[in-house]
Amino acid sequence: MGEITPFPQHRQPGQTGFERQELSRIMDLYGRMVSAGHWRDYSMNFDKDAAVFCAFRRAAERPEYRIEKRPALRNRQGMWALIGEAGAVLKRGQELAGVLAPVERKLVKLIDQ
C-alpha cells in the first residue's frame with residue numbers, strides 16, 4: 001500500500017496564497033464555467049512571489065486564463081491580473097471582482113447562446 005501524506009495546514013513562510021474568500025470566488029466562477037461546458041480542468045501554483053490559478057479547456061494544453069495574485073504589485077498596478085492564453089495581460093486591478101469581470105461576461109454569452 002502507498003503512504004499517505006497529510007495535507008499541510010499552514011503555508012510555508014514567505015509563500016503567497018489565496019485567502020478563503022478569494023479562492024471561493026475563483027472556484028465559483030470555475031464551477032459555472034465547467035457547468036457551461038467551457039472549462040474542464042484547473043491547476044494552482046503557490047510561489048514566494050505569486051499565487052496562480054490556471055483554467056484549462058482541456059488538460060493537455062496551455063491554460064485559457066491565468067488569475068494571478070502578486071502582493072508586491074499592490075501599490076502599483078494592482079495585485080490581481082487576468083492573463084490570456086497567449087500570455088497577454090487582459091485585466092489588472094486592485095479588486096478580484098473587477099479582474100474576473102471579462103470572464104464573467106464571457107460566461108453570460110456562453111449561457112445565452
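**A tyrosine and its surroundings**

A: Y42 is found in strand β1, which covers residues 41–46. Please note that the model is a predicted one.

Q: Is Y42 buried, exposed or partly exposed?
A: Y42 counts as partly exposed, because its relative accessibility is 32% and the buried class ends under 20%.

Q: On to the rings: how many aromatic pairs does the whole structure hold?
A: A search finds seven. In one of them, Y30 and Y42 have ring centres 4.9 Å apart and planes at 70°, so the pair is edge-to-face. Y30 lies in helix α1 and Y42 in strand β1, so this pair ties together parts 12 residues apart in sequence.

Q: And how are Y42 and F53 arranged?
A: Y42 and F53 form a stacked pair, 5.3 Å centre to centre with 15° between the planes. The pair links strand β1 to strand β2, where F53 sits, 11 residues away.

Q: Is F53 buried or exposed?
A: F53 counts as buried, because its relative accessibility is 1%.

Q: Which residues make up the aromatic cluster?
A: Y30, W39, Y42, F53 and Y65 form one cluster.

Q: Changing topic, what about the largest nonpolar core?
A: That core has 19 residues, and F53 and W39 are among those with the most contacts inside it. Helix α2 supplies the largest share, five residues.

Terms used: Residues are numbered from 1 along each chain as its sequence is written. This is a predicted model: local features need pLDDT of at least 70, side-chain atom pairs count only at pLDDT 80 or more; totals for chains, interfaces and linings use all residues. Side-chain values use heavy atoms; hydrogens and water are left out. Helices (H or I, at least four residues) and strands (E, at least two) are DSSP runs, numbered from the N terminus. A nonpolar core is a set of buried Ala, Val, Leu, Ile, Met, Phe, Trp, Tyr and Cys residues joined through side-chain atoms within 4.5 Å. Buried means under 20% relative accessible area, exposed over 50%, partly exposed in between (1.4 Å probe, protein chains only). Rings of Phe, Tyr and Trp (its six-membered ring) pair if their centres lie within 6.5 Å; planes under 30 degrees apart count as stacked, over 60 as edge-to-face and the rest as tilted.
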